[in-house]
Amino acid sequence: MKDQLKIFLLSLFITAFASNAIYAQSQSTDKQSNKFLLSGYGFTNFEKAQDGISSFSSGFSPIILWKSGERLFFESEFEFELEDGGTQVGLEYAQLFYTVTDNVLFGVGKFLNPNNLFMERLHPTWINKLPNIPFGVSGHGGVPLLATTQLGAQLKGAFPVQSTKIIYAVYVSNGPVLNVEEEADHTEGETPLEKKNRIQDAAPEDEGDGHDAAAPGTLNFNNFQDNNNNKAFGARIGFLPFPQLEIGIGLEIANVGTEDSHLADLQSSMQVFDLSYTRDSGILKGQLDVRGQFVWLNIDQSDEEPLNYKNESRSGYGQLAYRPVKIENSLLKNLEFVFRYDYLDLPELAELNTDLNRTTYGVNYWLAPNSAVKFAFQNKTIKEHEEETETLFITQFTLGF
Amino acid sequence: MNDKTKRYVNGSALFIGGMLIFLVLSIIGCAPTVPQEQKTGAMLWGENCNRCHNIRTPSEFNDGQWEVAMTHMRTRGNLTANESKKILEFLKIAN
């Protein structure tokens, strides 16, 4: 009841705020120093898994933007989704920016992780070319190896170097927390493999995408009240040798153990490589869009159970899309063909060590530049004790505004 | 090398190798670009917006709304101050 009341009050607040923002933005002129913009996106999905029950799902994410004068800017995104028999409400990000110079922006608050290019730039459903997101980039896609957002402060900017461009971001944040077992129950004389099998056999049924993100040895990125005095430090550099191509590398180092515990000195380090390439091709009579993001996450090995194993995880995705925009036929030019391969490899001796490989084939029909109907077929291979294959059909209708 | 390692190495090598080949071919196939300072707002609009999403038509927002949207895109899309300014000027004329 309390939760329902909270959701009702929050909805009321959003509606009131949105109404005010719509009125304000409809009245915005060049001369005003305060300007609002209500933006965002919504979607409805229909999913049918092989041997599963088909279901609709839906979500709505209003984005509220407020520019105050020449230097101050506030941006926030809410997330309303129908999940688990109720409405889930979240604050995706809320960040205040101050423009220090032409090349330096200073931001504080909860901000999209600059090292997670997919989430920072491509996650809105009217931008993402497939109805769901790749492995590793968010809790919505199984076990995350990267934070969706950071809570802290960042400096970011861009500057041209002749015909090329360099992009940078550095941040300090609460950082991730290492998930640990409350009580390490173990059997004397047990080998690591026997222990792994015992824990897996005793583990509760997985939910959602087949994963339990709170399993020992994984990271919890929703660290809104830090568990230690050490902060996470991260940075990303992007290079655009020409406008159509961006190559980025990023890293983050953080202490992930709780202060004064025997795990206090454990560190996580992650490296990220990303690539984006978009180009109109006369020969192909259309637009090519290539994306990739690869993550390597290492967490220090503890001397004590249950984390006394080499804790290294990998995830990544590569995506290719083609849309024949230069063809005269109005039906064909609005079609887009998408292929994505993504994978997630978790440590072999971890409690949760499921390895996932997935291929997705998609066809989109663009109703407008900001609205599409997407159809996708996924084939997922899950390797745990034995190899299993799952197929999934998803369709999505989305609108960005 | 166990199955898992082999699968990881093969998958990673396939993707990174494929990406690198694509990258090299793209670089070879591209004509030299105009220096940033000489680009017009319309050129920058096409180059930058299209890198993440479909281009939104200038008539979708009024001048004040575009000013807020462009500030948002400066923080999100890492536009330089000059790019942001030129694109905004173009959108205000074109809407």
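How are α2(B) and α4(B) oriented to each other? They are roughly perpendicular to each other, a term for angles of 65 to 115 degrees.

The model shown is predicted; local features need pLDDT of at least 70, side-chain atom pairs count only at pLDDT 80 or more, and totals for chains, interfaces and linings use all residues. Residues are numbered from 1 along each chain as its sequence is written, with chains lettered from A and ligands numbered from 1 in the order in which they are written.

**View 1. Chain B has four helices and zero strands.** Its pattern along the sequence is α-α-α-α. Helices (H or I, at least four residues) and strands (E, at least two) are DSSP runs, numbered from the N terminus. Of its 95 residues, 27% count as buried, meaning that 20 or more other C-beta atoms lie within 10 Å of a residue's own. In chain B, 74% of the contacts between residues at least 6 apart in sequence join residues at least 24 apart. A contact needs C-beta atoms, placed from the backbone, within 7 Å.

**View 2. Helix α2 (residues 41-49) of chain B buries B:L44, B:W45 and B:N48.** The three lie on the same side of α2(B), because they cover an arc of only 105° around the axis. The arc is that of the directions from the helix axis to the C-beta atoms. The cover over these buried residues includes α4 (81-94) of chain B.

**View 3. α2(B) meets α4(B).** The axes come within 8 Å and cross at roughly 110°. Axes are lines fitted to C-alpha atoms, for helices over the stretch in contact, and angles run from 0 to 180 degrees between N-to-C directions. B:G41, B:A42, B:L44, B:W45 and B:N48 of α2(B) meet B:E83, B:K86, B:I87, B:E89 and B:F90 of α4(B). By class, the residues of this contact are five nonpolar, two polar and three charged. Nonpolar covers Ala, Val, Leu, Ile, Met, Phe, Trp, Tyr, Cys and Pro; charged covers Asp, Glu, Lys and Arg; the others, Gly among them, are polar.

**View 4. The largest nonpolar core has 29 residues.** A:F118, A:L146, A:L178, A:V256, A:M270 and A:V295 touch the most other members. Such a core joins buried Ala, Val, Leu, Ile, Met, Phe, Trp, Tyr and Cys residues through C-beta atoms within 7 Å. Apart from it lies another core, of 13 residues, among them A:F36, A:L37, A:L65 and B:L88.

**View 5. Chain A touches chain B.** The contact takes 48 residues from chain A and 38 residues from chain B. The chain A side has 22 nonpolar, 13 polar and 13 charged residues.

Methods:
Contact = placed C-beta atoms within 7 Å. Buried ≥ 20, exposed ≤ 12 C-beta atoms within 10 Å, placed from the backbone. Parallel < 35°, antiparallel > 145°, perpendicular 65-115°, else oblique.
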